[in-house]
Structures are given as structure tokens and as C-alpha cells.
Amino acid sequence: MSAVTSGRAPVWFLRSYKDHDTHVAASVAVDIGTVTSRCGLTFTPVLHPIDGNPARLTAPTDELQICPRCCGGAT
Ligand SMILES: [Zn+2]
């Protein structure tokens, strides 16, 4: 298992601002800046418009943006 999620709350990344496109990170490749999600996608997260870091959330603010497959595996 990944050190990212084991024993911690899920970390969510925006793949895009579309609906159902915010995912739980299963692992993060810090050196190349990609995230592999719980549902099996590998993507470069959306960068925060202000600080330029990947938009990382402790909890999604908008349920419509949550990936149902990642959400279903979260509990
Ligand atoms: Zn997902």
C-alpha cells in the first residue's frame, strides 16, 4: 500500500474542474508530478491558480465533482 493513504484520511486531487473528476490519490509520483487514483487513473493534477501547487483537498467541497468510484472505495 502507498504511504500516501495508509492510516490517513484520503487525499483528493482535481483531475479537472468537471463533474466527477476529483479523485482519491492511491499514490503520488512526486518526481514527475502525477497522481494515480484509487479508481486507476494516472493524471497530472490541476494546479492551484494562486500557489501553483497541485490542488490537493482533504475533503472535496462539491459532491458533484467527486469521482463515484473513488468515493465508493473510501469507506
Ligand atoms: Zn476516481
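Here are a few friendly notes on this predicted model, from the overall fold down to one serine.

1. First, some housekeeping. Residue numbers start from 1 along each chain as its sequence is written. Because the model is predicted, local features need pLDDT of at least 70 and side-chain atom pairs count only at pLDDT 80 or more, while totals for chains, interfaces and linings use all residues.

2. The protein has 1 helix and 5 strands, and along the sequence they follow the pattern β-β-β-β-β-α. Helices (H or I, at least four residues) and strands (E, at least two) are DSSP runs, numbered from the N terminus.

3. The 5 strands make an open, antiparallel sheet in the order β4-β3-β2-β1-β5. β4 (42-43) and β5 (56-57) are at the edges with a single partner strand each, so one side of each has no neighbour in the sheet. Strands count as paired if DSSP finds at least two bridges between them.

4. Look next at β1 (residues 12-14) and β2 (residues 22-29): they run antiparallel and are joined by 3 bridges. Here Leu 14 stands opposite Thr 22 in β2.

5. Ser 37 is worth a visit in strand β3 (residues 34-37). Ser 37 is buried, because 22 other C-beta atoms lie within 10 Å (buried is 20 or more within 10 Å, exposed 12 or fewer, partly exposed in between, with C-beta atoms placed from the backbone). Across the protein, buried residues make up 24% of the 75 residues.

6. Leaving aside residues up to four places away in sequence, Ser 37 touches His 23, Val 24, Ala 25, Ala 26 and Cys 70; contact means backbone-placed C-beta atoms within 7 Å. His 23 is 14 residues from Ser 37 along the chain, with 5.9 Å between their C-alpha atoms.

Terms used. Contact = placed C-beta atoms within 7 Å.
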